[in-house]
Structure formats: structure tokens, C-alpha cells
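Subject: Structure handover

Hello,

Here is the structure you asked for. My notes follow below it.

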Amino acid sequence: MAEVKLFGCWYSPYSRRVEMALKLKGVEYEYIEEDLSNKSPLLLKYNPIHKKVPVLLHNGKPIAESSIIIEYIDETWEGPSILPKDPYERAMARFWVKFIDEKCAVGMLKACTSSGEEGEKAKKEAAQLIQFLEEELKGKKFFGGDNIGLVDISANFIGYWFGIIQELKGQELLTKEKFPNFCEWVNEYVNNKFIKENLPLKDKMIEILKAFL
Ligand SMILES: N[C@@H](CCC(=O)N[C@@H](CS)C(=O)NCC(=O)O)C(=O)O
């Protein structure tokens, strides 16, 4: 039987993405929790370049970087497809993941952690980015259509972590009036049984985020 191990961290959205992908496919795996303030020699051995979680170990072979790991999982195991089959749809899914990671998550975090003039500018910029997601979600339940797909899994930070950060900061960047489709997606997302089971508990997240913020 294949040996699958995941080095992760419970509050990491990147780790949670990989856990969601493994569970969607029904892959059995051993989970190893990392203390990111005191990384294990194994994590440093398997991800010497980035020294980050998640790392997937499949029959002794390590793979790092959540997006790459998810594609590997999708290609290696049977079960529901995480990436679309159609090449154009696949390319688009990858495009949105890159946009969410490199632009949205960064911009949204900046909007709620900066203040004054810089904060106002960051909020405007973040709103422009979210507007693109708002358009993309028009007429759709999930980014993947009726079912959770690559983009939904990868958007866990903006779908869950970000809402808690906003609550803690007393901010309301995402309102139903401004972004009805996006807010409806967040609502479907956090209430989806599968997603819910794979998100960290809110109370625990609040504790750790308070320390970070
Ligand atoms: N691009 C990476 C990002 C992974 C990442 O940033 N992991 C964080 C936890 S959320 C980490 O391990 N941080 C430890 C560090 O930066 O030293 C991925 O997609 O897997």
C-alpha cells in the first residue's frame, strides 16, 4: 500500500488546501503537525528550499508547494476530478488560483493590516480585485460550478481566514451590497459540509490570529 504523509500546520490555509484535496480523492494519509517556530529536521530535509508546509511525502518522495501538490494528487489518485478535464478550463482554473494567491490574498491582507492614507488606498485596490471574482462568480455556486474544485479549495484563505481577520479588525470590506456573488460564495463555502469539516475551528483561529495581528 502507498505510503502518504503530509507535513502541515493546522492554521495554514496552504496545508488545509492539500488536506481537502486528499480527502476529496479519499486518499488515506498520515498527518504530521509541524511547529513552525521550531521546524522539524524532516521538514527541512524535504523542503530545503522554502522550508515551509505543506510537504507531501508519497512513498518516500517529497513534493512541496500546495498548488503543485494538489495537481499531483489529482493526477495520481482516482476519484472526483479536482482540476477540470477540458484544457481551456484547466488553464482558467490555474489562472484564478494564481490571481487569488498573488493578487487577491496579498491585497486583501494589506487592506486590513494597513492604516491611514495607505490603508484607504489598499482598501480601494482590494475592492477592485474582489470585483474580478465577483464577475467570475456570476451565475455560479462555486468557482468550479456546482461542485467544489481547484479554485474553491485554493480560495480558502479569502473564503474563511479573511472573514475572521475582518471581524477581528472590525472592518467590512466585503458587503453583500457591493459584492453579492462573492458574499454568496463565502456563505455557500463556509456552510458546505465538506469544506466545513476541513477548516480550523473559528475560536482557535481567533486566538492565533490575535497573536499574529
Ligand atoms: N507557496 C507556498 C506557501 C506555503 C506557506 O507560506 N506556508 C507557511 C504556513 S501558512 C509556512 O510554512 N511558513 C513558515 C515560514 O515561512 O517559515 C504553498 O503554496 O505551499
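How far is an oxygen atom of the ligand from an N or O atom in the side chain of Lys-39? The distance is 2.4 Å, a polar contact (a pair of N or O atoms within 3.5 Å).

This is a predicted model, in which local features need pLDDT of at least 70, side-chain atom pairs count only at pLDDT 80 or more, and totals for chains, interfaces and linings use all residues. Residues are numbered from 1 along each chain as its sequence is written, and side-chain values use heavy atoms, with hydrogens and water left out.

A side-chain N or O atom of Glu-65 is 2.8 Å from a nitrogen atom of the ligand. For Ser-66, a polar side-chain atom lies 2.7 Å from a ligand oxygen. Of the 510 Å² of accessible area that the ligand has on its own, the protein covers 73% (Shrake-Rupley method, 1.4 Å probe).

The residues surrounding the ligand (a heavy atom within 4 Å) include Tyr-14, Leu-36, Val-53 and Pro-54. By class, this shell has four nonpolar, two polar and three charged residues.

The chain is divided into domain 1 (4-76) and domain 2 (87-212), with bounds from an automatic or database assignment. Their C-alpha centres lie 22 Å apart. In domain 1, 14 residues are in contact (heavy atoms within 4.5 Å) with 20 residues of domain 2.

Regards

How values were computed
A polar contact is a pair of N or O atoms within 3.5 Å; within protein, one must be able to donate a hydrogen and the other to accept it, and residues adjacent in sequence count only if both atoms are side-chain atoms. Ala, Val, Leu, Ile, Met, Phe, Trp, Tyr, Cys and Pro count as nonpolar, Asp, Glu, Lys and Arg as charged, and the others, Gly among them, as polar.
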